[in-house]
Amino acid sequence: MILKMKTINIKSYNMSSESFCILPFVHLYAQPDGEIKPCCIAGSYNKPLKYKGNTIEEIWNSEQMKDLRKDMLAGVKNKACDVCYKKEERGEDSPRIKYNRSNNWTMPEVNEHFEVPPVIQHLDIRFSNLCNLKCRMCNHTFSSSWFEDAKKMYGGVVEDSKVIKVSETIVEDLIPYMSDIRSVYFAGGEPLIMPEHFKMLKWLHESVEEYFDEELQQTKKKLHLHYNTNLMTIKYDEVDLVNLWKDFEKVFVSISCDGIGPIGEYQRTNFDTTKFLANLDRIKAVANPSYTSGGPGKRVTGIQYNFQYTTTIYNIYHIFDFINFMIENKYVESSDSIDLYYAWSPQPTSINNIQDKEAAIKFLEEGAKQIDSPKTLKEIDQLIQFIKAPRGIDEVELVAFNKKLDELRGTSYKDIKTGINNG
């Protein structure tokens, strides 16, 4: 589809402004419950936008998305994107900045009504909430395993269905708009157990243009895949997914793991350390950890992986144990291949609500003295700055939430060192 209205002069707008992000012009995101947002970390639009009842074209040029594009081109910071803007105010590198840096995108023509042709260059659809884990910092919207606990914790606010899907036909709906697809981000739930993921992966494997890579002396499919997976499985119906990944130009596997052994199994209920490490060994055999084969100006291809450590009040005191484990067991060469993030929701898991802020900050500052990676030091500083942020809840609510979750799961925060006082 080509929009035949008068196009605006993009050059008259400041695309390097502090408000502009390329994603609303090239990207589509949907949560498992069907809500459409600017991206996976963005807030809702003032008027919520749902997949149900709309076509891809209607969503792509909805009033919500057109207003967002207009604001971004005018230098206005739209409230839906506050997460990035506030990260930047704290001196952090936001996803907005990272996406704008990439040369993978082509800015489309924008007409006078801020419509753009519905051609998806980057896709991030959370097909469903199907998940094999129930992480303490997650919820039923993103994990089917949370269903029973959520009903007991929150009552009537939980959806009736354990497994929530964007649509039964979502893959078929998307395919006609993916003629210029450059990258796909698969997350969940847990994407590797979703039938929709496997259907989409098979279609991409069969349909994406191939080329002969002179440098690699191999035929590759010109597409970048990015995964966020808990790596509790790497097969689908006995199909080894790694063997399919090998045919794509680049596959980046972000492995979500927040601790090995008891702490990882506490934060991520149903996490199995033995199974995880076996799957990690399979990945390691065919892939390189990030930051080892790349570098400024150097082309990166093939399968890469890194770790995403989501810092909460539960595992904040185990960060350096995790880094040391991964280095000592040669899964990474340095902490550069470990991204330290923090959860900001639900509030009782968030480190800005930790009970003893001074102790947590001192722990991070002392541990940082043993780190020589500028990247990791910057991430540790970001954790410290977030700890210093105002509390969102009081200590009574924090303790009550975690005691209730422990009761439901037969666990105890007193069995491990956490940011919850043991009194």
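What share of the contacts in the protein with a separation of 6 or more comes from residues 24 or more positions apart? In this predicted model, such residues account for 72% of those contacts. The secondary structure against which that figure can be read comes to 15 helices and 15 strands.

The overall dimensions can be taken next. For a chain of 423 residues, a compact globule would have a radius of gyration near 22 Å, and the protein, with 22 Å, agrees with that expectation. The C-alpha trace spans about 65 × 50 × 45 Å along its principal axes. Of the 423 residues, 56% count as buried, while the protein exposes about 19,100 Å², of which carbon and sulfur atoms supply 49%. As for charge, the mean positions of the 53 positive and 60 negative charges are 1 Å apart.

In soluble globular proteins, nonpolar side chains tend to be buried together. Here the largest nonpolar core holds 121 residues, and Leu 174, Leu 225, Trp 245, Phe 276 and Phe 307 are the ones that touch the most other members.

Asn 315 lies in the loop between β14 (302-311) and α12 (319-328), and Asn 315 counts as buried because its relative accessible area is 0%, under the 20% cut-off. Not counting residues up to four places away in sequence, Asn 315 touches Asp 258, Ile 263, Gln 267, Tyr 309 and Thr 310. Gln 31, found in the loop between β1 (27-30) and β2 (35-36), likewise counts as buried, at 6% relative accessibility. With its neighbours within four places in sequence set aside, Gln 31 is in contact with Lys 37, Arg 126, Thr 141, Phe 142 and Val 166. Between Gln 31 and Thr 418, which are 387 residues apart in sequence, the C-alpha to C-alpha distance is 31 Å.

Leu 73 lies in helix α3 (residues 63-74) and is buried, with a relative accessible area of 4%; Leu 73 and Ser 144 are 71 residues apart in sequence and 38 Å apart in space, C-alpha to C-alpha.

Most residues other than glycine have a negative phi, and most peptide bonds are trans. Against that background, a cis peptide bond joins Gly 188 and Gly 189, with omega about 10°, and Gly 189 lies in the loop between β6 (183-186) and α8 (195-207). A cis peptide bond also joins Ser 345 and Pro 346, with omega about -5°, and the place of Pro 346 is in the loop between β15 (338-342) and α13 (357-368).

Positive phi values are found at Leu 231, where phi is near 60°, and at Asp 237, where phi is about 50° although the residue is not a glycine. Leu 231 sits in the loop between β8 (218-229) and β9 (235-236), whereas Asp 237 lies in the loop between β9 and β10 (239-240). Are these two residues buried or exposed? Leu 231 is buried, with a relative accessible area of 0%, whereas Asp 237 counts as exposed because its relative accessibility is 63%, over the 50% cut-off.

Conventions. Residues numbered from 1 in each chain as written. Predicted model: local features only at pLDDT ≥ 70, side-chain atom pairs only at ≥ 80, totals over all residues. Heavy atoms only, no water. Helix = DSSP H or I, 4+ residues; strand = E, 2+ residues; numbered from the N terminus. Rg over C-alpha atoms; globule rule 2.2 N^0.38 Å. Buried < 20%, exposed > 50% of the residue type's maximum accessible area, 1.4 Å probe, protein only. Contact = heavy atoms within 4.5 Å. Areas by Shrake-Rupley, 256 points an atom, 1.4 Å probe, with all protein chains shown as cover. Lys, Arg positive; Asp, Glu negative; His and termini not counted. Charge placed at Lys NZ, Arg CZ, Asp CG, Glu CD. Core = buried A, V, L, I, M, F, W, Y, C linked by side-chain atoms within 4.5 Å.
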